[in-house]
Amino acid sequence: MRKQNLMLFPPEIAAEFVAEQEGFKAEAYRCPTGHWTIGFGHAQNVHKGDVITRSEAYELLDRDLQRTQEELATLIHIDINENQFIALMSFVYNFGLTKCRTYRLFGMINRGEWENVRTWWPKYCNPDNPVVTKGLKDRRMRELELFFRC
């Protein structure tokens with residue numbers, strides 16, 4: 001699979017995978033971090049009682065993924081393939097840039113430390129809530145499998 005600068009990928013190619021990982025919620029809800037969230041994990045300008053259609057949620061997801069791609073570009077400085085791009089987009093979309101800046105994982109990727117990436121990727125979960133942790137571990141494993149798929 002051809003590798004290229006991550007800014008050359010259209011961000012919407014990650015939409016299906018991210019939407020599947022996030023799940024769709026038509027009504028605003030509080031995510032585990034306490035933020036009001038709607039659609040496929042959209043968390044900006046969401047308020048209690050907000051309702052959204054699936055079509056509107058995909059529009060928000062596309063916009064959110066454009067921002068996520070820009071954030072990812074500040075973290076990854078090597079050429080990557082399409083599967084790596086989608087997996088990384090899911091990871092950064094889930095955690096956000098602020099948290100991701102502190103994670104060792106991105107340095108490991110930039111240095112090509114692939115065994116360390118395999119070891120560390122699944123560790124990025126919420127250890128305080130067993131239900132959330134199980135879901136995040138499963139998500140991390142799906143992302144990791146995609147990242148290393150040729």
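Guide: One definition comes before the questions: buried means under 20% relative accessible area, exposed means over 50%, and partly exposed lies in between. The model is predicted.

Visitor: Is E56 buried, exposed or partly exposed?

Guide: E56 belongs to helix α2, residues 54-73. On the surface, E56 gathers with E12, E59 and D62 in a patch of negative charge. Its relative accessible area is 38%, and the limits are 20% and 50%, so E56 is partly exposed.

Visitor: Which residue forms a salt bridge with D64?

Guide: D64 is buried at 3% relative accessibility. The closest N and O atoms are 3.5 Å apart, and the partner is R67.

Visitor: How far apart are the closest N and O atoms of E115 and R118?

Guide: Both residues are in helix α6 (residues 114-120), 3 residues apart, which means about one helical turn between them. E115 is exposed at 57%, whereas R118 is partly exposed at 40%. They form a salt bridge, with the closest N and O atoms separated by 3.6 Å.

Visitor: Which residues are joined into one network with E143 by salt bridges that share partners?

Guide: E143 forms a salt bridge with R139, at 3.2 Å between the closest N and O atoms. The two are 4 residues apart in helix α7, about one helical turn. Shared partners join E143 into one network with E22, R139 and R140.

Visitor: Which side chain does R140 meet in a polar contact of 3.0 Å?

Guide: R140 is in helix α7, residues 130-147. At 0% relative accessible area, R140 is buried. The 3.0 Å polar contact joins its side chain to that of N94.

Technical notes: Residues numbered from 1 in each chain as written. Predicted model: local features only at pLDDT ≥ 70, side-chain atom pairs only at ≥ 80, totals over all residues. Heavy atoms only, no water. Patch = residues over 30% accessible without salt bridge, like charges linked within 9 Å, V, L, I, M, F, W, Y side chains within 5 Å. Areas by Shrake-Rupley, 256 points an atom, 1.4 Å probe, with all protein chains shown as cover. Salt bridge = Lys/Arg side-chain N within 4 Å of Asp/Glu carboxyl O. Lys, Arg positive; Asp, Glu negative; His and termini not counted. Charge placed at Lys NZ, Arg CZ, Asp CG, Glu CD. Buried < 20%, exposed > 50% of the residue type's maximum accessible area, 1.4 Å probe, protein only. Polar contact = N/O pair within 3.5 Å; in protein donor to acceptor, adjacent residues only side chain to side chain.
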